[in-house]
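Thanks for coming, everyone. Let me put the structure up, and then we'll walk through it together.

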Amino acid sequence: MGKFEIICKKIKNLEIQGAENIAKAGLKAYALKPNKNSIKKLLSLRYTEPCLANALKFAEKNSVKEALEYLERSDKLIAKLGANLVKGNVYTHCHSSSVNKVLVEAKNKRNFKVYCTETRPRFQGRITAVELAKLKIPVEMYVDSAMRLAIKKAKVAMIGADSITKKGEVINKIGSELVADTCNHFKVPLYIITNSWKFDMRSLYKKEIPIEKRPVNEVWDKVPRGVSIANPAFEKIKPSSIKAIVSELGILSPKSFVKKVLKR
Ligand code: RUB
């Protein structure tokens, strides 16, 4: 297997996960095989996510190096903006590299604890917990069904984004709508930490963004006869549940975020 194919395989099986990590790895893969077919292949791997598509479009016009630099610059800006919003303990779900960068930056300013949920079926919450523990940020893990208990303990909630639609809806890891509803219930502000390349241009002409369906054996390795399993990777949060989208474009309401992206 060539290097390009190895990266594709790692993206597909979640060894490389999270929209931005996928975009960065995808850009590197594209640099190895810069043609239309490899773009098609790369975009088919995690088809809900527009970050890689936007990154590749930028790289075609400019260069892979400049696309990677744009992401790095945005990361730094977002971490600074997000860190100012960490006013106490934080709740997060799944593993978002963008959220973790905010938490690392916030650690320089104050002490806080992170409550995170494990994120069945692939347990990306564990990646978050291990990364934070290594950085000496106190972290407490909850099973997904204990989400209400975890959110109740937090002052703010921060999650990442896979896709943002023209209506300002945010698509993120399955469980995220439950996060949003629970945050609203307990009046915990929910911030979406993301770069603006998560804006999904397809939403300008498509009614629905396709939600990736993952293999059923991620949920149950030997599925018993007669049992059917649904394993959607992501779900959608309505804009009214979101306090703000924190991106390199600023701390904006979902509506203003979309406006600013479309003006560029
Ligand atoms: C990961 C996930 C993350 C977003 C944002 O899902 O939903 O919250 O991708 O991550 P999966 P980032 O594990 O299925 O890829 O902030 O790193 O772009």
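How many cavities of 30 Å³ or more does the structure hold? Three. Keep in mind that this is a predicted model.

Let's start with the largest cavity. About 190 Å³ of space lies inside. Its lining counts 21 residues, and those closest to the centre are G18, A19, H95, D162 and N172. Which elements give two or more residues to that lining? They are α2, α6, which spans 97–107, and β6, which spans 170–173. Now the classes. The lining of the largest cavity has 10 polar residues, six charged ones and five nonpolar ones.

Next, the largest pocket. Here the space is about 320 Å³. The lining is made of 13 residues, and N54, F58, W197, M201 and R264 are the closest to the centre of the pocket. Two helices each supply at least two lining residues: α4, at 51–61, and α10, at 254–263. Which element gives the largest share? That is α4, with four residues. By class, the pocket lining divides into seven nonpolar, three polar and three charged residues.

Now to helix packing. Two packed helices are described by the angle between their axes and the distance between the axes.

Take α4 again, this time with its partner α5, residues 64–83. Their axes come within 7 Å and cross at roughly 135°. The two helices are therefore oblique to each other. Left-handed or right-handed? The crossing of α4 and α5 is right-handed. On the α4 side, the contact is made by A55, F58 and A59. On the α5 side, V64, E66 and A67 take part. Five of these contact residues are nonpolar, one is charged and none is polar. Note F58: this residue is in the contact with α5, and F58 is also among the residues closest to the centre of the largest pocket.

The second pair is α1, residues 3–12, with α2, residues 19–32. Their axes lie 9 Å apart, at an angle of about 160°. So α1 and α2 are roughly antiparallel to each other. This crossing is left-handed. From α1, the residues in contact are K3, F4, I7 and I11. From α2, they are I22, A25, G26, A29 and L32. By class, that contact has seven nonpolar residues, one polar and one charged. And recall that α2 also gives two or more residues to the lining of the largest cavity.

That's the tour. Over to you.

How values were computed
Residues numbered from 1 in each chain as written. Predicted model: local features only at pLDDT ≥ 70, side-chain atom pairs only at ≥ 80, totals over all residues. Heavy atoms only, no water. Axes fitted to C-alpha atoms, helices over the stretch in contact; angles between N-to-C directions. Parallel < 35°, antiparallel > 145°, perpendicular 65-115°, else oblique. Left-handed = near helix turned anticlockwise from the far one by under 90°. Contact = heavy atoms within 4.5 Å. Nonpolar A, V, L, I, M, F, W, Y, C, P; charged D, E, K, R; others polar. 1 Å grid on protein atoms, 1.4 Å probe; cavity = no way out; pocket = protein on both sides within 12 Å on 5 of 7 lines; lining within 4 Å. Points joined across faces, edges and corners; volume = space filled by probe spheres on them.
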